[in-house]
Amino acid sequence: MNERGKSDGSVVPEKSSNKGGGAPHPAEGMEGRDPAKRNPPEGRSVRAQDRAALQPALERIRQVAKRDKEEKFTTLWHHVYNVARLREAYLGLKRTSAPGVDGMTWAAYGEDLERNLQDLSGRLQRGAYRAKPVRRVRIPKPDGGERPLGVPALEDKIVQRSTVEVLNAIYETDFLGFSYGFRPGRGAHDALDALAVGITTKKVNWVLDADIRGFFDAIDHEWLMRFVEHRIADQRVLRHLKKWLNAGVLEDGEWRRMAEGTPQGGSISPLLANIYLHYALDLWVWAWREQHARGDVVFVRYADDFVVGFQHRSDAERFLTMLRERLAKFRLELHPDKTRLIEFGRFAATNRQQRGEGKPETFDFLGFTHYCGRTRAGAFAPKRRTMRKRLCRKRAALKDELRRRLHDPVPRVGAWLRSVLLGHYRYYAVPDNYVALARMRRAVVWLWYRTLRRRSQRTTLTWTRMLRLALAWLPTPRILHPYPQERLRVRLEAGAG
């Protein structure tokens, strides 16, 4: 299946969560999505059979990749156009996502699914498949700018998702333990836990909160393909990756070729981004920590957003200088407004008080503001609360939507608000964040109250009655996530077992 070839890249080290070694973060199996109601009753069993049949092939690839870090894989494409894998990729897509330039929706494609998948597989096999341009839409950002998002055509999504499934078998053995974004079995809370535990257990006194400016739009295609070729020698895989990169974008009816960058929104983009940063950043950070750092260094990355903790300020300043040089080599740069070096850690409050500088500064990461706190016993502990910007943005969105639902029945609006709050709790209900959760619920109650009173000039809705309504429909907050040390310990033990 494969042939050996020497990679011209750096030697890939074993996974390490932080300086001084440590067990790699165990990957957890992702829960599959149930088929949509419109699918035939046998869809669930067919999908389970597909998964059982497809896993052995990926496991063989995974074992070869894990055994030899310099192995180049030459025959992968037949795994991609396998009809069962394409079906699995189709069923894994979001049912309600917007159509691409072809106008094809998930439901319409599924009306004759098997024939469509057979036709797609045949085109992939004989080289007749053509990538379509990505439909570009722009989403307003909180800072007043716009975030460009790409909407690929449905068949491009299917093939990209199938390709990602195959390539993940290789790259999940290569990616390092401190990388968390867009990886199977890993998520934002894993990154948050690793950061909290790293700051608590290591000698961290300074924190570099960094963000790469316009990362997805700045990825250099030539460097990216060179990185991919360290492991992939199947020319059909490489040719299709180039097709997706060169398909261009369609915006306001005008096609434009992309000389650099990958459209956010494509199934393949997150994996390509991780490959790019693995070689451009992660391997360099691992080597720098071992070769240049005088003290402890903690590194956690989620996509292009990463945090680095240092024991010594001299290490932090030297790292920042060398980091800028390293990123510039690969056409990347740090965002000047979102990259800060701050004093943060167990001695930050005492040291700043002695210098008369007030409380330690805070930093934002993955929707939470991190600040120096204390446990009930008086020990230092990094704590988290929901970012104020996120709360304000959420309240503004709720206000607009409630105005749109002004004359909907109360039970319908109540059920919708309940789902909104439950979704908010699922992400933000971490230890020490109860106050922010309660503030969010109070904001929802108040917004709903104002909306209901505007339905009529002769309203009889009192605040007492509103509180009874809120008690019936709006769930009260409670902490849903365990403490970082506890969850990390459980997962490490599960991985060891």
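Tutor: A residue is called buried under 20% relative accessible area, exposed over 50% and partly exposed in between, with a 1.4 Å probe and protein chains only. The model is predicted, so local features need pLDDT of at least 70 and side-chain atom pairs pLDDT 80 or more, whereas totals for chains, interfaces and linings use all residues. Residues are numbered from 1 along each chain as its sequence is written, and side-chain values use heavy atoms, without hydrogens and water.

Four cavities of 30 Å³ or more occur in the structure (on a 1 Å grid over the protein atoms alone, sets of points where a 1.4 Å probe fits but cannot get out; lining residues have an atom within 4 Å of a point). The largest cavity holds about 80 Å³, a volume being the space filled by probe spheres set on the points. Its lining comprises Val134, Pro152, Gln160, Trp244, Leu245, Thr262, Pro263, Gly266, Ile268, Ser269 and Leu272. Helix 10 (235-246) and helix 11 (269-291) each give two or more residues to this lining; helices are DSSP runs (H or I) of at least four residues, numbered from the N terminus. By class, seven lining residues are nonpolar, four are polar and none is charged, with Gly counted as polar and Pro and Trp among the nonpolar.

Helix 11 also contains Asn274, which counts as buried because its relative accessibility is 1%. Beyond residues up to four places away in sequence, Asn274 touches Phe175, Ser179, Gly181, Phe182, Arg183 and Arg301 (heavy atoms within 4.5 Å).

Helix 6 (residues 154-171) is mostly covered, with 16 of its 18 residues buried.

How values were computed: On a 1 Å grid over the protein atoms alone, a cavity is a set of points where a 1.4 Å probe fits but cannot get out, and a pocket is an open set with protein on both sides within 12 Å along at least five of seven lines; lining residues have an atom within 4 Å of a point.
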